[in-house]
2 protein chains.
Amino acid sequence: MTIATVNLVIEEEARQHQNNLTKPRGSLGRLEDIACWFASRQGHLLPETLRPHITVFAGDHGVCAEGISAFPSIVTGEMVQNFVHGGAAINVLAKQCSAQLSVVDVGTLSDLSGLKGIAHKKVKSGTANLLHKAAMSETECAEAINVGKEEARMAIAAGANLLIAGDMGIGNTTASACIICRLTGSPAENVVGFGTGIDETGYQLKVSVVKAALQRISDKPDEDTLQEVGGLEIAAMAGFYLQAAESGVPVLVDGFIASAAALSARMIEPSVTEWMLASHVSEENGHALALHALGLSALIDFNMRLGEGSGAALVVPLLQSAIALHREMATFTSAGVTDKDG
Amino acid sequence: MTIATVNLVIEEEARQHQNNLTKPRGSLGRLEDIACWFASRQGHLLPETLRPHITVFAGDHGVCAEGISAFPSIVTGEMVQNFVHGGAAINVLAKQCSAQLSVVDVGTLSDLSGLKGIAHKKVKSGTANLLHKAAMSETECAEAINVGKEEARMAIAAGANLLIAGDMGIGNTTASACIICRLTGSPAENVVGFGTGIDETGYQLKVSVVKAALQRISDKPDEDTLQEVGGLEIAAMAGFYLQAAESGVPVLVDGFIASAAALSARMIEPSVTEWMLASHVSEENGHALALHALGLSALIDFNMRLGEGSGAALVVPLLQSAIALHREMATFTSAGVTDKDG
């Protein structure tokens with residue numbers, strides 16, 4: 001696997017173009033950076049309008065047996081049905097930003113085989129309990145990664161030029177916390193959060209489960225982290241990111257789970273992060289820390305903690321505006337406006 | 001003038017509605033607050049989609065004689081022509097968020113009388129130099145405020161349910177800094193910024209001009225601040241906000257200049273801020289401080305410092321998404337999803 005090269009010459013040309021537009025230099029702040037970022041990734045001085053594709057990967061977690069989540073595992077499958085019927089947050093947000101939306105069962109406990117409108121790519125019915133053993137075998141983990149790669153290829157083939165991975169999986173903040181702790185070297189207390197809404201007792205339990213899992217894998221190499229304490233949907237998301245970067249298509253990273261997947265993808269290919277933008281910083285503890293480790297800077301902080309790709313979908317219009325400004329604004333010369341030095 | 005009453009009963013009902021939607025309670029963070037805010041302002045449990053109207057007020061500033069700006073005053077009129085021809089940032093952003101856009105000459109130095117596509121409501125060709133005397137007479141200030149009120153009434157009559165005021169006026173960060181210093185009791189050093197891009201020498205000059213102006217008006221009452229050190233476009237923006245609040249239509253406050261106008265409006269009617277949402281926090285020094293004084297919390301921080309209403313227009317899609325989620329998501333019952341306590 002080879003990560004695509006970023007065109008830094010175009011990035012510099014795009015910066016020059018920004019300086020000619022009818023505004024004080026730099027006055028559009030991050031919007032200027034975003035436009036130049038897309039110019040260099042698309043390889044066009046004037047980047048195209050974004051055609052986003054959101055793929056939500058669903059999987060269940062054996063660690064739910066420990067009582068670390070406020071909701072039961074059955075909700076993962078129920079929410080997949082909600083996605084199909086259009087009632088979830090991500091359905092609304094995908095429509096708002098004109099994104100295509102795909103839903104993939106990569107590992108739910110529920111039997112969804114009769115459900116139309118999703119991709120049936122179940123590697124396994126939920127992971128093993130990461131507290132006691134490896135969540136996935138090496139083969140299962142590789143298969144889940146491949147599901148993500150396949151989905152990214154399909155989205156790109158269908159015309160997408162911005163990929164968003166979403167997650168659905170009761171228990172997955174616990175798995176993600178383990179990944180983030182291990183791959184950033186942070187203590188559980190700084191990373192574990194309240195997930196879907198556990199109480200203080202549940203929180204203490206969750207911290208102890210994460211600590212014990214980290215202890216269990218302490219003599220394994222970092223490369224085994226995803227397989228040992230990850231989730232099927234998290235592995236698929238990592239594969240999705242890797243394929244996007246290989247194909248030279250930008251990804252917009254969502255929240256806590258997505259950042260655990262991004263760290264896992266970076267473990268496999270360090271330069272995958274060159275194709276990533278961060279969308280929001282989640283209310284979940286440790287997300288800011290994961291983004292920092294990835295070298296990414298979130299665009300907004302809305303105290304969200306929903307997953308599904310919701311934070312990423314929400315900010316797509318900000319990216320579209322950055323590109324539209326870059327493409328459509330007049331220059332000082334074309335508009336006959338006196339420049340600062342004029 | 002009477003500010004419209006906010007419906008707190010509907011706000012509470014909207015909060016209950018949010019708790020029934022298929023997501024962990026509170027997991028949409030600020031999006032939930034925004035939806036409930038609009039519910040209470042519109043008086044509907046399910047608020048309508050926003051129909052934004054942006055009115056850009058243009059005026060020049062006598063204080064430019066002091067050399068406090070990186071651009072000459074002629075740029076104000078040139079940019080108004082750029083607005084008419086569709087080449088400015090606000091044109092692009094208005095289109096992106098499907099907003100109506102109006103441009104009003106309330107006090108430029110340029111002769112724009114032959115220009116079609118703008119409202120000609122010039123109160124005066126630029127303010128007097130606030131360093132030496134009152135920028136506007138009492139009558140001129142009142143007239144400019146009335147221009148803003150009239151524009152708000154027109155936008156509302158045309159169907160707008162969200163109002164954004166934008167500014168164009170070389171020199172207006174100096175006027176705004178004076179207003180913000182005086183009405184928040186902050187020292188010039190904490191409020192003055194680099195505007196359109198002055199250098200360090202220019203910055204020191206600007207600080208000294210603001211200090212001297214504040215000294216000049218130190219024995220005047222707070223109520224005279226707008227007239228003494230404001231701008232015609234700032235007064236019009238204040239009037240625009242006041243009319244919106246009287247008519248019960250929310251406003252989305254843009255950056256540094258807009259916040260100076262908001263503080264000026266609050267001086268006239270303290271409860272006007274109940275109808276205000278802050279959009280972004282500008283890179284301009286002292287904007288965060290002005291927002292804090294207004295009791296408003298910005299949605300994004302993109303290091304923008306352009307004015308024109310650009311930061312407000314940029315975030316409109318975030319508000320639309322908040323409302324769409326509130327209106328369109330399924331409830332736990334309707335989707336057959338197990339709730340936390342289920």
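Is R182(B) buried or exposed? I looked it up and found that R182(B) counts as buried, at 18% relative accessibility. I use buried for under 20% relative accessible area, exposed for over 50%, and partly exposed for anything in between, with a 1.4 Å probe and protein chains only.

**Ground rules**

I note that this is a predicted model, where local features need pLDDT of at least 70, side-chain atom pairs count only at pLDDT 80 or more, and totals for chains, interfaces and linings use all residues. Residues are numbered from 1 along each chain as its sequence is written, chains are lettered from A and ligands numbered from 1 in the order in which they are written, and side-chain values use heavy atoms, with hydrogens and water left out.

**Entry: the partner of R182(B)**

I found R182(B) in a salt bridge with D222(B), at 2.8 Å from N to O. A salt bridge here is a side-chain nitrogen of Lys or Arg within 4 Å of a carboxyl oxygen of Asp or Glu. R182(B) sits in helix α6 (residues 172-184) of chain B and D222(B) in the loop between α8 (200-216) and α9 (225-229) of chain B, so the pair ties together parts 40 residues apart in sequence. Helices (H or I, at least four residues) and strands (E, at least two) are DSSP runs, numbered from the N terminus. D222(B) is partly exposed, with a relative accessible area of 32%.

**Entry: other salt bridges**

I searched the whole structure and got 32 salt bridges over all chains. One of them joins the side chains of K211(A) and E189(A), at 2.5 Å from N to O. That pair links distant parts of the chain, with K211(A) in helix α8 (residues 200-216) of chain A and E189(A) in helix α7 (residues 188-191) of chain A, 22 residues apart. K211(A) is partly exposed at 40% relative accessible area, and E189(A) is partly exposed at 39%.

R41(B) is buried, with a relative accessible area of 13%. I also noted a network of salt bridges that links K121(A), E150(A) and E151(A).

**Entry: how the two chains relate**

I laid chain A on chain B and got an RMSD of 0.0 Å, by a turn of 180° and a shift of 0.0 Å along the axis. The two copies are thus related as by a two-fold rotation axis. The superposition is by least squares on the C-alpha atoms of residues with pLDDT of at least 70 in both copies. I300(A) comes closest to the axis of the residues of chain A, its C-alpha lying at 2.9 Å.

I counted 53 residues from chain A and 53 residues from chain B in the contact, where contact means heavy atoms within 4.5 Å. The area buried between chain A and chain B is about 4400 Å², and carbon and sulfur atoms give 66% of that. In chain A, F71(A), F302(A) and K340(A) lose the most area to chain B, together 14% of what that side buries. Buried area is the accessible area (1.4 Å probe) that two parts lose on being put together, summed over both.

How many salt bridges are there between chain A and chain B? I got two. E328(B) forms a salt bridge with K95(A), with the closest N and O atoms 3.0 Å apart. The elements giving two or more residues to the side of chain A that touches chain B are α2 (30-42), α3 (74-85), α4 (89-96), α13 (310-328) and α14 (332-335) of chain A. Of these, α13(A) gives the most, with eight residues.

I looked up V6(A) in the segment before α1 (8-20) of chain A. V6(A) counts as buried at 11% relative accessibility. Not counting residues up to four places away in sequence, V6(A) touches E11(A), S40(A), R41(A), E274(A) and W275(A).

I then looked up H280(B), in the loop between β6 (276-278) and α12 (287-294) of chain B. H280(B) is buried, with a relative accessible area of 3%. With residues up to four places away in sequence left out, H280(B) touches several residues, among them D254(B), H287(B), I300(B) and M304(B).
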